[in-house]
Each structure stands twice: as C-alpha cells, then as structure tokens.
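Please look over the sequence and the structure shown below before reading on. The briefing that follows groups its points by topic.

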Amino acid sequence: MDRPGHVNLLHLQHSETNPFSRPSTPGHHGTQIAFVGLGAMGYLMARNLAKWRKQHVHGSLPLLVWNRTKGRAEDLSKELGSEAITIADSLEEVATEADIIITNLSADDVVRSVYQTFEKALQGSKPSKNKIFVETSTVYPTLAAELDTLLSSVPNTHFITAPVFGAPAAAAAAQLIIIMSGDYRSKKEVSHILHPAVGRKLVDLGGNVEKAPTFKLIGNSLILGSLELLAEVFTLSEKAGIGAPMVHQLIKDLLPAPPLINYGDKMIHDHFDGTKGFAIDGGLKDSTHIRRLASEMNAPMPALDAAHQHMLTARALHANQVQVGNPHFDVLDWSSLVAGARVAAGLDGFDSSKHSKVVPED
C-alpha cells in the first residue's frame with residue numbers, strides 16, 4: 001500500500017454538509033438503486049434511503065435489496081411496503097438490474113466475494129450505461145484498490161468508497177458522517193442520494209479510493225483509544241474507592257462528548273449487548289486493520305494495542321460463559337473491552353455489582 005499523502009484539511013473544515021453541487025437532473029427518478037447487506041448498520045441505512053426516496057423523490061423506483069439471509073430483506077419489505085422495497089433473488093440480479101449499488105458488509109472476505117460475483121455477472125452482461133458501485137463497509141484500504149481494479153475491466157462501471165461514522169442509533173436517525181473517495185462524477189451523483197437520506201454530512205477525500213477507508217480506520221482508532229481510556233480510568237476509580245459513576249459524571253461536566261458519555265454509560269451499567277451496539281468481532285476486525293496500517297506506516301499506537309488485547313480478553317471470558325451455559329449476552333458490544341482492564345486489576349469482568357462499593361465518608 002502506498003503511503004497516504006497529507007489530506008487537505010480544508011475538506012474537513014468545509015462549512016457545507018455536502019461539498020458537491022447538485023446534478024443537473026436532481027432526483028434520479030428513473031435510477032434503480034440497490035442496497036446489499038442488511039446487518040446492524042445496513043438495515044437502518046437502507047430503510048432511511050427507501051423512506052426518503054418514497055417521500056421526497058416523486059416517481060422513484062423501489063429500493064432493490066439483497067441480504068445473505070433473506071429474512072432481513074423480508075422484514076424490511078414488510079416494514080416499508082412493496083412501493084418502497086423490492087427483494088432481489090440474487091447478487092447477479094443486483095449487478096445487472098441496478099444503476100447504483102451500495103454495499104455494507106461485515107468483513108473483507110465477504111466484500112471481496114460479493115464484488116467478484118458482481119464482476120462475473122457483468123462480464124456476461126456488459127452494461128450499456130453508467131453503473132456505480134458504492135462500498136460503505138469498513139475494509140482495509142488496499143482492498144478498495146483491488147475492487148476498483150476488478151471492476152475497471154467492465155465498461156461503463158465506476159467504483160467509489162464511502163464508509164460511514166456513527167453507531168446504529170446515528171444510522172437510525174440518518175445522522176451518519178459519510179467519507180467519500182474515488183471518481184468525482186460518481187461521488188457527485190451518489191452524494192445527493194446519500195445526503196440527507198442516510199447521513200448528515202459528507203467529506204470528500206479526493207480521487208484515490210484508498211483514502212476514505214484509511215480515514216475510516218484512523219477515525220475508528222480514535223474511538224477505540226477512547227474506549228480503552230474509559231476502561232482504564234473507570235477501573236482505577238473502582239480500585240481507588242472513588243467509583244466509576246463519579247468519573248462518568250466528571251466526563252459529563254468536563255468532556256461532554258457523546259461517545260464518551262454513551263460508551264461510559266454502557267461500561268458503568270454493564271450494558272454489553274452487542275445486538276444493540278457494535279459487536280466485538282467487528283471491533284477486533286477493525287483493530288486488526290488499524291494495527292496493520294500503523295505497522296506499515298511505522299506509527300506505533302500503544303493505546304490501540306491495549307484495546308485490542310482487552311477485547312480479546314473480553315471475548316475469551318464470554319466464550320467461557322457460553323461454554324458453561326450462562327452467558328449474559330448472546331453477542332458482546334466492543335465497550336465490553338472494559339472487562340479486560342477489570343480482570344487485569346483483579347475485578348470481575350462483566351458484573352460491576354461485585355466490585356467493592358464506595359461508602360461516602362461523613
């Protein structure tokens with residue numbers, strides 16, 4: 001992977017929520033849009049996109065959706081109706097029938113496999129008009145370049161990257177931040193489809209498709225580093241007889257950033273349900289990518305290393321609970337990394353009620 005050049009900070013300081021001017025024919029009335037991957041984030045993104053187009057784009061076609069387990073697509077269709085959602089029977093149908101294909105998938109190998117299926121289908125049925133693929137997953141940057149090269153062999157086919165920042169709650173409220181890189185005209189066309197239907201702000205990082213995935217990993221390292229810091233200070237406060245709730249209140253008073261407050265609340269109340277947040281396996285995938293990037297850039301990230309180890313510890317503790325038949329949650333949220341810090345300090349990993357309680361002095 002080439003070393004990333006310095007990103008123009010003016011892109012990040014842009015006062016506009018969408019840096020792209022409107023296309024000459026706004027609305028994309030006859031454009032067939034497809035969404036592939038209806039997981040914790042994808043379902044909410046697809047739902048918002050379909051609802052927005054049904055309400056604001058007169059005569060728009062239903063959103064074409066596909067998911068590995070068809071039940072998720074059927075749930076979305078039941079929720080919004082056939083006027084808003086059409087279920088594709090195969091990835092081949094998506095590739096050949098849709099003009100703009102948005103993907104949101106769980107892992108790099110899955111992304112690669114899906115795009116290989118797209119490419120094979122299009123080689124057998126070459127498009128006669130422009131087709132745009134929009135990759136919104138969190139992937140390693142070199143995979144983006146690989147996918148771009150793969151699709152470049154198909155005429156009239158374009159590829160851009162558009163990973164998103166925000167938890168499922170932000171996705172549900174269409175408050176995601178969308179980072180875009182790749183072909184300018186494709187970004188311009190897609191930008192007004194995604195904003196404001198799916199996200200509240202777009203950031204343009206230029207023509208290199210690796211830049212947006214790189215920025216996404218850097219942003220996720222900031223979140224993971226913050227989780228690690230919360231885990232350590234909460235654990236210290238428990239051991240020192242101050243109590244994590246007191247430190248959480250200090251955060252609200254001194255550093256009232258929503259991620260610190262929200263993840264801090266999960267930690268102090270042991271709310272580690274990954275089905276309502278970001279699953280720990282996804283966190284470990286991201287931290288693995290970040291550590292690889294940091295190694296390639298010769299940029300040590302010890303806080304990220306600690307977060308990775310503490311997530312591994314939390315997952316191991318959970319696996320043991322599953323083995324003996326008493327797991328607290330089916331899937332762990334990545335905020336459960338606090339269990340690693342707790343156990344290292346001699347505290348119970350998942351049940352803070354077992355920690356020594358603070359007794360206020362007179």
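A residue counts as buried under 20% relative accessible area, as exposed over 50%, and as partly exposed in between, with a 1.4 Å probe and protein chains only. By that rule glutamate 83, at 61% relative accessibility, is exposed. This is a predicted model, in which local features need pLDDT of at least 70 and side-chain atom pairs count only at pLDDT 80 or more, while totals for chains, interfaces and linings use all residues. Residues are numbered from 1 along each chain as its sequence is written, and side-chain values use heavy atoms, with hydrogens and water left out. Helices (H or I, at least four residues) and strands (E, at least two) are DSSP runs, numbered from the N terminus.

**Aromatic rings**

- The structure holds ten aromatic pairs, where rings of Phe, Tyr and Trp (its six-membered ring) pair if their centres lie within 6.5 Å, and where planes under 30 degrees apart count as stacked, over 60 as edge-to-face and the rest as tilted.
- One of these pairs is formed by phenylalanine 118 and phenylalanine 133, which are tilted at 40° between the planes, with 5.2 Å from centre to centre.
- That pair links distant parts of the chain, since phenylalanine 118 belongs to helix α5 (residues 108-124) and phenylalanine 133 to strand β5 (residues 131-135), 15 residues apart.
- Phenylalanine 118 is buried at a relative accessible area of 0%, and phenylalanine 133 is likewise buried at 0%.
- Phenylalanine 272 and phenylalanine 329 make an edge-to-face pair, with 75° between the planes and 6.4 Å centre to centre.
- Because phenylalanine 272 lies in the loop between α11 (258-268) and α12 (280-296) and phenylalanine 329 in the loop between α13 (302-324) and α14 (338-344), the pair ties together parts that are 57 residues apart in sequence.
- Phenylalanine 272 is buried with a relative accessible area of 0%, and phenylalanine 329 is buried with 19%.
- One aromatic cluster is formed by Tyr115, Phe118, Phe133 and Phe159.

**Salt bridges**

- The structure holds 14 salt bridges, each a side-chain nitrogen of Lys or Arg within 4 Å of a carboxyl oxygen of Asp or Glu.
- Lysine 54 forms a salt bridge with glutamate 83, and their closest N and O atoms are 4.0 Å apart.
- Lysine 54 lies in helix α2 (residues 42-56) and glutamate 83 in the loop between α3 (70-80) and β3 (85-87), so this pair ties together parts that are 29 residues apart in sequence.
- Lysine 54 is partly exposed, with a relative accessible area of 45%.
- Aspartate 204 forms a salt bridge with lysine 187, the closest N and O atoms being 2.5 Å apart, and this pair links strand β9 (residues 199-204) with helix α8 (residues 184-194).
- Both aspartate 204 and lysine 187 are buried.

**Arginine 292**

- Arginine 292 forms a salt bridge with glutamate 296, with the closest N and O atoms 3.3 Å apart, and both residues lie in helix α12, four residues apart, about one turn of the helix.
- Arginine 292 is partly exposed at 39% relative accessibility, and glutamate 296 is partly exposed with a relative accessible area of 30%.

**Serine 335**

- Serine 335 lies in the loop between α13 and α14 and is buried, with a relative accessible area of 0%.
- Its side chain makes a polar contact with the side chain of aspartate 333 at 2.6 Å, a polar contact being a pair of N or O atoms within 3.5 Å where, within protein, one must be able to donate a hydrogen and the other to accept it, and where residues adjacent in sequence count only if both atoms are side-chain atoms.
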